[in-house]
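The questions below ask what lies behind each structural label. Each reply sets a value against its cut-off.

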Amino acid sequence: AHENTGLQSQPPPEEQNYGATAAHVRQGPVVSVSRKGPAKREYLIAAVLCYANLINFMDWFIVPGILLDIQKYFKLSDGDTGLLQTVFTLCYMLAAPIFGYLGDRYNRKIILGSGIFFWSGVTLGSSFISEWYYWIFFLSRGLVGIGTASYSTIAPTIIADLFEEGKRTTMLSIFYIFIPVGSGLGYVLAAGMADVTGDWHWAFRITPCMGGLALVLLILLVPHRTQRRTAAHRALSISGTIRVAAEKPGVHRTAKATWCQDVISLAKNWSFVWSSLGLTAMAFVTGALGMWVPVFLYRAQVVQGIVSPCLHESCDSSNSLIFGGITIGTGILGVIAGAEAARRLRKINNKADPLICATSMFISALCLYIALMVAQTNILSTFIFIAFGELFLSVNWAVVTDILLYVVTPRRQSTAIALQILVSHLLGDAGSPYLIGTISHAIQDKNARSFQWSFWSMQYSFIMCAFVGVCGGAFFLLTSFYIEEDRKEAER
């Protein structure tokens, strides 16, 4: 219950389940506020958060964009190379629950700003590491993961607070478009800088400058204490008046519930559990694809005689550039299509969101399997089916987050997002790049060293991704059985 300012009326159920964390309020003047729509300032804040999300994911995918060069520079096997992204993701996911806890209780602007400054600084520093100190390069990727966790956990909850239900889905969709766009630009930036300068180290010197700009914009435009609106605030704002109450500094309503109680409650929320496992399967597939597809395509081209092996000179980055472009295009199209399909189908089916996610996972798995099978004979067909596979994966990004935001009560949302990040990365893309690399390395060791087996080993290990994609579709189907009941529970 609230420490009241006269907010005794029960809000309508459909308004109760939206927003991020709830805060304590104290006696304050009753102020009439007319909310005809979000102000320009709120859109500016959302734009800054989207821009920082772009940089966040560019930093994630700089390494895969120049993976052949890094592998050759540090003399790494497939297994060790896969470990690079695993170290990054492990640190990212372990830090996420800590930032979720802090984000529900302390000033979110300070946490976001510190995270951007930290990960930008470490990225810049990693560009000066010599070939003898590969372990420092691994460590730097882990530290970047910690910095980006602070951002991914908290930024969506601020957007959820800034906008009412209708606009919130749209703005979250725009925010999540920058996951594939940033990922694709990471490939393009890394490959482009390596080509232009002839030195892959320069790929790590651009995003820190962009991060500096994001930090300045965050300081100038985002309020020092972002408003955490409860469901009751939202319900009253619909009628045209709202009692505005100041937050009591340093004390939040969420302090009444311990973190363990929040976790136990979320573990009993089956929609949250199954959708998080579905997201885990998505993360497994996208992590493996993001790390290894350019290398897989390169090996397929070597086997077909399209390109010559890069043994001494700098490696050809064209596959990374093309794959980056595909990631950007399919990401934008997929997120928009997913949000629009959800918006239309919700009107006729309350289970539309998980059913959309399940269908897209099944289709994606089929497309990826076909892409693997045709790779040795037709590179163009491989690119086309990889593009369709990525398109249907991207459909789910905003929809999965929207599911979380309406099946979880507002005051647990930062914690829920953090736990979802932890689980999806721990069981998903933390291990998949390393697992694919290790299986590939093991197959190569058991057979004669050749370019043919180098390709086959990667092809065989990649088939696991199609299987995991099918499992992800099954998890989203299970979500559909519980989603109506859990949504009503969150509204109560």
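**Labels and cut-offs**

Glu491 is buried, at a relative accessible area of 13%.

Q: Why is Glu491 called buried?
A: Buried means under 20% relative accessible area, exposed means over 50%, and partly exposed is in between (1.4 Å probe, protein chains only). Glu491 has 13%, so the residue is buried. This is a predicted model, in which local features need pLDDT of at least 70 and side-chain atom pairs count only at pLDDT 80 or more, while totals for chains, interfaces and linings use all residues. Residues are numbered from 1 along each chain as its sequence is written, and side-chain values use heavy atoms, with hydrogens and water left out.

Q: What makes Glu491 and Arg487 a salt bridge?
A: The term requires a side-chain nitrogen of Lys or Arg within 4 Å of a carboxyl oxygen of Asp or Glu. For Glu491 and Arg487 the N to O distance is 3.6 Å, and the pair counts as a salt bridge. Arg487 is partly exposed, because its relative accessibility is 25%.

Q: Why does the salt bridge of Asp402 and Arg346 tie together separate parts of the chain?
A: The side chains of Asp402 and Arg346 meet at 2.6 Å, N to O. Asp402 lies in helix α16 and Arg346 in the loop between α13 and α14 (352-374), so the pair links parts that are 56 residues apart in sequence. Asp402, at 3% relative accessibility, is buried, whereas Arg346, at 23%, is partly exposed.

Q: How many salt bridges does the structure hold?
A: The structure holds seven.

Q: How many disulfides are there under the distance rule?
A: A disulfide is a pair of cysteine sulfur atoms within 2.5 Å. By that rule the count is zero.

Q: Which class of exposure does Cys367 fall into, buried or exposed?
A: Cys367 has 10% relative accessibility and therefore counts as buried. Cys471, in contrast, has 28% and counts as partly exposed.

Q: What makes a space in this structure a cavity, and how many are there of 30 Å³ or more?
A: On a 1 Å grid over the protein atoms alone, a cavity is a set of points where a 1.4 Å probe fits but cannot get out. Grid points are joined across faces, edges and corners, and a volume is the space filled by probe spheres set on the points. The structure holds five cavities of 30 Å³ or more. The largest cavity contains about 570 Å³ of space.

Q: Which residues are closest to the centre of the largest cavity?
A: Phe57, Trp60, Ile179, Trp397 and His425 are the closest, out of 35 residues that line this cavity. A lining residue has an atom within 4 Å of a point.

Q: What is the make-up of the lining of the largest cavity by class?
A: The lining has 19 nonpolar, 14 polar and two charged residues. Ala, Val, Leu, Ile, Met, Phe, Trp, Tyr, Cys and Pro count as nonpolar, Asp, Glu, Lys and Arg as charged, and the others, Gly among them, as polar.

Q: Which domains supply the lining of the largest cavity?
A: Domain 1 (39-223) and domain 2 (260-491) each give at least three residues. The domain bounds come from an automatic or database domain assignment. Helices that each supply at least two lining residues include α2 (40-60), α8 (165-197) and α12 (270-304).

Q: Why is Tyr369 called partly exposed?
A: Tyr369 has 38% relative accessibility, so the residue falls in the partly exposed class. Tyr369 lies in helix α14, and its C-alpha atom is 8.7 Å from that of Phe462, 93 residues apart along the chain.

Q: What makes Ile439 partly exposed?
A: Its relative accessibility is 26%, so Ile439 counts as partly exposed. Ile439 is in helix α18 (residues 432-445). Ile439 and Asp78 are 361 residues apart in sequence and 8.9 Å apart in space, C-alpha to C-alpha.

Note on methods:
1 Å grid on protein atoms, 1.4 Å probe; cavity = no way out; pocket = protein on both sides within 12 Å on 5 of 7 lines; lining within 4 Å. Helix = DSSP H or I, 4+ residues; strand = E, 2+ residues; numbered from the N terminus.
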